[in-house]
Amino acid sequence: MRHRTIHLFRKGLRLHDNPALLAALQSSEVVYPVYILDRAFMTSSMHIGALRWHFLLQSLEDLRSSLRQLGSCLLVIQGEYKSVVRDHVQKWNITQVTLGAEMEPFYKEMEANIRGLGEELGFQVLSLMGHSLYNTQRILELNGGTPPLTYKRFLRILSLLGDPEVPVRNPTAEDFQRCSPPELGLAECYGVPLPTDLKIPPESISPWRGGESEGLQRLEQHLADQVHPADTGLCGWAEGWVASFTKPKTVPNSLLPSTTGLSPYFSTGCLSVRSFFYRLSNIYAQAKHHSLPPVSLQGQLLWREFFYTVASATPNFTKMAGNPICLQIRWYEDAERLHKWKTAQTGFPWIDAIMTQLRQEGWIHHLARHAAACFLTRGDLWISWEEGMKVFEELLLDADYSINAGNWMWLSASAFFHHYTRIFCPVRFGRRTDPEGQYIRKYLPILKNFPSKYIYEPWTASEEEQKQAGCIIGRDYPFPMVDHKEASDHNLQLMKQAREEQHRIAQLTRDDADDPMEMKLKRDHSEESLTKTKAARMTEQT
């Protein structure tokens, strides 16, 4: 049977390595590429902010252009998704709906509802994995039906699975020519809306532009930029930055990203994580030496997979209450302090510069995220990680259900992270890698004229020095909202008490590296495993 198919784009906003789209083209006489813009769903389920809206619309426009080049089009249909599917299945005599499988509860519910419509209206639903490296259900099965709660346990399960499936081939113009295109005029009826059509604030200054084309270009350019001057060819740069990448050695307050900066494209599916994984595998295969998980680039992809797996089988993963792996902590409820943190008014320039970059650009370095999150939660303000997670979900271009919640639990020491006595200092941490404060001067221009010795602590400058800098602390820029040492010492005791009272929950996500039995396990490990353990410790210490 040759189907009449709606291919429903959700997160896989790309043509390369798109299994569900390729299956639609191979099984159909006509394919309608559709994106349903359900604003109520996106607002309630995804909490998408203005920067993310711009990135999404740019990604849809790019996908529309790429499909047009292959003889097809993208139909962006606005409305409630169940009504849109019902109406257009009947209008276009659809016999099949294809879509990429996702693990978020709201996307699972969407797929279940579409399958229910299929049973009612008589169309088939084909859902294929494409957003993750592995089928998370298979990982759960190999772990006895429960998620592996530590990275080491997770890697052991992956060793049983072997490498991820290889990416599928790219669709061609011939693939689309074998299917009739959507009726003439539909592309004009269902175009990509402008931000003004959706009452979204004007374009931001974010350096990230959405779309598969932009993501692929950034990937190729990033790899090319890492060539050492004397290097030529693949083997040259295989020995360079990519092979030697170690996450803890990247700089949180560099003015340009010192990591790949590709995360927004992976989170929306503009780039295939499987394609990137195998690109890295080819590089590693030709390098004499390369970094290892968890700090290597491939290790970062596996961390993503780890959080996807745990989130897929953990109830209430994005909440504290009802979350079986999360410490239940009596966080303070303080709307005023939360607002100061969110709007870059804490009085600590390093933290405020981070939050300013986040609001302006939609991206910050992972260590900057660590510093801002620690300050909000266990470090200084003792405000729930859920509140910070919501702010990041709104503002980050790479906001991701699983990774965002997982990292916030980690950074608040509510799960996964157990060296809770290590607290980021909002003064010393930034100064260590940027002693001149260039990052602060860029994002907090009100402080740009302070001498370097005061740039992280402008309140310590004399009144005369503040006048010379053109910024009076307490008038033009706030005093620190807390005494860091007093607040962090007090919070440390609160955390210690919570972990002692909930010892069994605290142990759920404790890795082997934290266990007294580690020495026995080491004797059973290979030399490579020992290297990985050492690398993991380096990450924690940094």
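Predicted model: local features only at pLDDT ≥ 70, side-chain atom pairs only at ≥ 80, totals over all residues.
The secondary structure of the protein chain comes to 27 helices and 5 strands. Of the 542 residues in the chain, 57% are buried.

The 5 strands form an open sheet, in which the order is β3-β2-β1-β4-β5 and the pairing is parallel. At the edges of this sheet lie β3, with residues 75-78, and β5, with residues 124-129, each of which pairs on one side only. Neighbouring strands are turned against each other by 30° on average, if direction is ignored. In general, the strands of a sheet pair through backbone hydrogen bonds, and the pairing may be either parallel or antiparallel.

Helix α3, which covers residues 50-69, lies across β1 (3-9) and β2 (28-37), and it runs at about 165° to β2. One of the residues located in helix α3 is H54, which counts as buried because its relative accessibility is 5%, where the limit for a buried residue is under 20%. The C-alpha atom of H54 is 7.7 Å from that of G210, although the two residues are 156 residues apart in sequence.

Two helix pairs that share α19 are described next. Helix α19 (residues 385-395) packs with helix α20 (residues 401-411) at an angle of about 145°, and the axes of the two helices are 9 Å apart. The crossing of α19 and α20 is right-handed. On the side of α19 the contact is made by W385, G388, M389, F392 and E393, while α20 contributes N404, A405, W408 and M409. Sorted by class, the residues of this contact of α19 with α20 comprise 6 nonpolar, 2 polar and 1 charged. The other partner is helix α16 (residues 335-342), whose axis comes within 11 Å of that of α19 and crosses it at roughly 35°. Here, too, the crossing is right-handed. The residues in contact are L338, W341 and K342 from α16, together with E387, G388, V391, F392 and E394 from α19. In this contact of α16 with α19 there are 4 nonpolar, 1 polar and 3 charged residues.

The two ends of α16 can also be described. At its start, a side-chain oxygen of D334 reaches to within 3.3 Å of the backbone nitrogen of E336. After the helix comes A344, a residue with a positive phi near 60°.

Positive phi values occur in other residues as well. The loop between α15 and α16 holds N316, which is not a glycine and has a positive phi near 55°. With a relative accessible area of 37%, N316 lies between the limits of 20% and 50% and is therefore partly exposed. In the loop between α20 and α21 (428-433) is F416, another residue other than glycine, with a positive phi near 75°. At 6% relative accessibility, F416 counts as buried.

Two further residues illustrate contacts with other parts of the chain. S312 has its place in helix α15, which spans residues 297-312. S312 is buried, because its relative accessible area of 17% is under 20%. The side chain of S312 reaches the backbone oxygen of T309 at 2.7 Å. Residues up to four places away in sequence being left out, S312 touches M103, K108, T136 and L140.

P480 is found in the loop between α23 (463-469) and α24 (484-501). Its relative accessibility of 23% is not under 20%, so P480 counts as partly exposed rather than buried. Although P480 and G347 are 133 residues apart along the chain, their C-alpha atoms are separated by 3.9 Å. When neighbours within four places in sequence are set aside, P480 is in contact with T346, G347, F348 and W459.

Conventions
Residues numbered from 1 in each chain as written. Heavy atoms only, no water. Pairing = 2+ DSSP bridges. Helix = DSSP H or I, 4+ residues; strand = E, 2+ residues; numbered from the N terminus. Axes fitted to C-alpha atoms, helices over the stretch in contact; angles between N-to-C directions. Contact = heavy atoms within 4.5 Å. Buried < 20%, exposed > 50% of the residue type's maximum accessible area, 1.4 Å probe, protein only. Polar contact = N/O pair within 3.5 Å; in protein donor to acceptor, adjacent residues only side chain to side chain. Left-handed = near helix turned anticlockwise from the far one by under 90°. Nonpolar A, V, L, I, M, F, W, Y, C, P; charged D, E, K, R; others polar.
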